[in-house]
Amino acid sequence: MSSKQKKVLIRIIISLVLLVFIVVLDNFVNFNKLILGTLYLVPYFVIGYDVLKKAWKGILKKQVFDENFLMAVATIGAFALGEFTEAAAVMLFYQVGELFQGLAVGKSRKNIAALMDIRPDYANIYQDGQIVKVDPDDVEIGTVIVVNPGEKVPIDGVIVKGNTTLDTRALTGESVPRTASAGEEIISGCINVTGQIEVKTTKEFDESTVSKILDLVENSAMKKAKTENFITKFARYYTPVVCYSALALAIIPPIVSLLVLGDANWGDWIIRALTFLVISCPCALVISIPLSFFGGIGCASSNGILVKGSNYLEALAEAKYMVFDKTGTLTEGVFEVTAIYPASDVSEKKLLELAAYVENGSSHPISLSLQRAYMDKNGQDVDVDRIADIQTVVGRGVNGCLDGHRVCVGNEKYMAELKVSLPRIYDEGTACYVTSDDKYMGCIVISDVVKADAPRALAELKSSGIKKNIMLTGDLKSTAEIVASQLGIDEYHSELLPGDKVDMVESYMTQKLEKEKLVFVGDGINDAPVLSRADIGIAMGAMGSDAAIEAADIVLMDDNPKSIALAMKISRKTLRIVKENIVFAIGIKVGCLILAAFGMANMWLAIFADVGVMIIAVINATRALRIKK
Amino acid sequence: MKKTYDIEVDCANCAAKMEEAVKNTPGVADATISFMTLKLKVVFEDGVDVDAVMAQAIENCKVVEDDCQIFV
């Protein structure tokens with residue numbers, strides 16, 4: 001509670017005590033009206049002096065339609081009509097409501113801030129042989145920083161000493177810790193769990209992942225959703241309309257009744273008009289909408305989904321078409337050995353050994369996957385001494401001398417040149433043929449594999465209202481077809497050049513209805529034009545990739561396609577909460593206005609329609625924070 | 001040019017009014033207030049004196065909502 005709020009609380013308590021005292025006293029002593037009114041003025045001024053002051057200032061500045069003015073007119077009017085208890089109590093409850101609202105908003109603001117609490121406060125550096133704590137802003141590129149267990153990694157860099165495990169939950173929502181050792185890149189915002197490490201920074205603090213993420217999340221509330229703008233606009237008309245209606249209610253019916261019945265009944269109508277004024281404050285609406293979106297964005301970011309604006313979170317709920325880039329998005333994007341076909345008298349192990357040894361020197365993705373497969377099978381790296389004289393034949397393959405035998409590994413063209421006859425291989429992927437002293441030894445198939453969670457994720461998306469899942473790829477049709485069937489995708493387009501992907505997305509954009517949104521999901525590398533062309537661009541696996549964070553509207557820190565389904569779920573729930581609040585707040589207000597116009601609502605109901613609705617709407621809005629997976 | 005300022009204001013509707021007031025200040029191309037983060041982002045027109053514009057913007061805000069602060 002801030003000092004301002006504490007002061008209000010004290011005033012509330014004092015005026016409540018005074019009010020109760022006067023009400024009780026009134027029962028025992030028969031005051032005349034003037035003295036009683038003066039007595040009630042004491043708690044009234046204690047609780048309401050600032051409201052009156054603000055209202056007066058507003059009038060001087062010709063700003064008459066703010067809530068202070070409404071409260072002042074309503075309560076002064078009630079005093080004038082002899083409704084002393086009501087007048088003082090209405091002011092009291094108004095202040096209680098304001099205090100509650102302030103506390104609720106403050107609390108949810110803090111809750112959300114805690115979710116995003118990844119800002120590192122300091123960095124440890126060596127200075128004259130001592131470790132000192134400094135502001136991360138002051139650390140220059142290339143400085144060695146020390147990160148102790150339990151501390152946040154403050155700046156992006158490369159580990160130069162030590163091994164540890166990292167908790168990346170704040171960044172990715174992933175709860176399984178990641179291991180990291182010397183030589184590996186490390187991203188700021190992770191929490192170092194087990195061992196002390198020394199990191200050589202590769203970026204300045206401002207350019208580090210953690211700064212970029214914080215900047216992005218803090219600015220997200222600036223990009224307002226359509227609903228939010230609608231409500232602000234609505235409030236701009238709503239308050240004056242209700243005020244003029246109140247004025248009309250205070251004047252027209254009494255005059256009409258004076259003319260028709262000969263009795264104006266002024267008092268009754270003025271009370272109805274004042275009740276109108278109390279109900280009219282639009283704050284419940286204006287606060288609950290951005291609060292809901294903010295909660296939704298906070299909830300998403302705690303799951304490793306960064307949404308760049310309320311508008312994107314809102315639009316995602318209306319997504320009907322999901323266009324995916326294949327490699328790296330639906331598939332792992334790393335090649336793996338998927339099949340081994342040794343020749344009749346060769347063992348699988350032997351075949352893999354031949355290939356891995358010859359490919360040892362290369363860092364080509366295919367070579368790496370062969371080496372990895374060998375490592376997995378044998379639990380040991382290749383023995384470099386056994387292999388000599390490695391030569392690369394560009395566009396064909398490699399050959400080398402292993403234990404005195406000439407071993408060649410390469411594609412079909414290479415084998416044709418070596419005049420080796422091959423069996424037919426029907427598998428999808430890239431086939432690597434192996435020969436030893438010109439004798440065919442077998443074939444190893446390497447291909448990109450579908451992400452384990454991808455088929456489930458696509459099914460979830462379909463069940464949450466996506467009309468079509470579409471896959472775009474530069475691969476051959478045969479490969480695309482197999483992947484598409486494994487994934488259960490609705491449509492796919494293969495053999496596309498990067499430029500063609502933009503054209504494909506554009507043609508889908510023209511076919512769909514305006515309110516159906518098209519989402520493009522890519523890995524953020526090379527697909528920036530498509531990401532920005534789609535209604536919503538989602539980049540995945542963005543940990544540490546600046547380009548992806550720049551280009552996309554929604555950034556998935558991990559590369560799990562299930563996060564897309566979760567993002568949609570959060571988006572839909574947030575929007576439902578927003579709609580609930582709009583319908584609830586406007587509904588109750590309009591209902592109370594009608595009751596008040598017919599003289600069936602008193603000040604107490606009016607107060608509920610104002611502060612009660614606001615508090616309920618705020619509490620409902622904070623539900624957006626707690627959307628579960 | 002863009003700049004972000006911290007603000008203090010108590011109610012959401014007042015924040016919306018402040019936003020409108022800043023937007024209507026000469027020299028301001030666009031302005032957004034986030035009540036949730038209590039931040040004001042101002043896009044200035046080219047070649048204006050930022051300090052003078054902000055002084056005017058604060059005055060305009062004080063008209064619509066007396067109880068507000070912009071920390072320049």
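**Note on the predicted two-chain model**

1. B:Tyr5 stands opposite B:Leu40 in strand E3 of chain B. Residues are numbered from 1 along each chain as its sequence is written, and chains are lettered from A and ligands numbered from 1 in the order in which they are written. This is a predicted model, in which local features need pLDDT of at least 70 and side-chain atom pairs count only at pLDDT 80 or more, whereas totals for chains, interfaces and linings use all residues. Helices (H or I, at least four residues) and strands (E, at least two) are DSSP runs, numbered from the N terminus.

2. On confidence, the model has an ipTM of 0.79 and a pTM of 0.76. Chain B has an average pLDDT of 87, and 100% of its residues score at least 70; pLDDT is the predictor's confidence in each residue, from 0 to 100.

3. The sheet of chain B is open and has four strands in the order E2-E3-E1-E4, with antiparallel pairing; two strands pair if DSSP finds at least two bridges between them. At the edges lie E2 (28-34) and E4 (69-71) of chain B, each pairing on one side only. Neighbouring strands of the sheet are turned against each other by 30 degrees on average, direction ignored. Axes here are lines fitted to C-alpha atoms, for helices over the stretch in contact, and angles run from 0 to 180 degrees between N-to-C directions.

4. Within this sheet, E1 (residues 2-8) and E3 (residues 39-44) of chain B are antiparallel partners over five bridges. Helix H1 (residues 12-23) of chain B packs on the sheet, where it touches E2 and E3 of chain B, and its direction makes about 165 degrees with that of E2(B).

5. Between the chains, 15 residues of chain B are in contact with 18 residues of chain A; contact requires that the C-beta atoms of two residues, placed from the backbone, lie within 7 Å. On the chain B side, H1, E2 and helix H2 (50-64) each give two or more residues, and H1(B) gives the most, with three residues. That side of chain B comprises seven nonpolar, four polar and four charged residues (Ala, Val, Leu, Ile, Met, Phe, Trp, Tyr, Cys and Pro count as nonpolar, Asp, Glu, Lys and Arg as charged, and the others, Gly among them, as polar).

6. In chain A, helix H8 (residues 266-279) packs with helix H21 (residues 603-621) at an angle of about 20 degrees, and their axes are 8 Å apart. H8(A) is therefore roughly parallel to H21(A) (angles under 35 degrees count as roughly parallel, over 145 as roughly antiparallel, 65 to 115 as roughly perpendicular and the rest as oblique). The residues in this contact include A:Val278 of H8(A) and A:Asp610 of H21(A).

7. Helix H3 (residues 67-80) of chain A also packs with H8(A), at an angle of about 155 degrees and with the axes 9 Å apart. The two helices H3(A) and H8(A) are therefore roughly antiparallel. Among the residues that meet here are A:Gly77 in H3(A) and A:Val278 in H8(A). By class, this contact of H3(A) with H8(A) has eight nonpolar, one polar and no charged residues.

8. Helices H15 (residues 454-463) and H20 (residues 562-597) of chain A pack at about 25 degrees, with their axes 8 Å apart; H15(A) is therefore roughly parallel to H20(A). The contact of H15(A) with H20(A) has five nonpolar, no polar and three charged residues.
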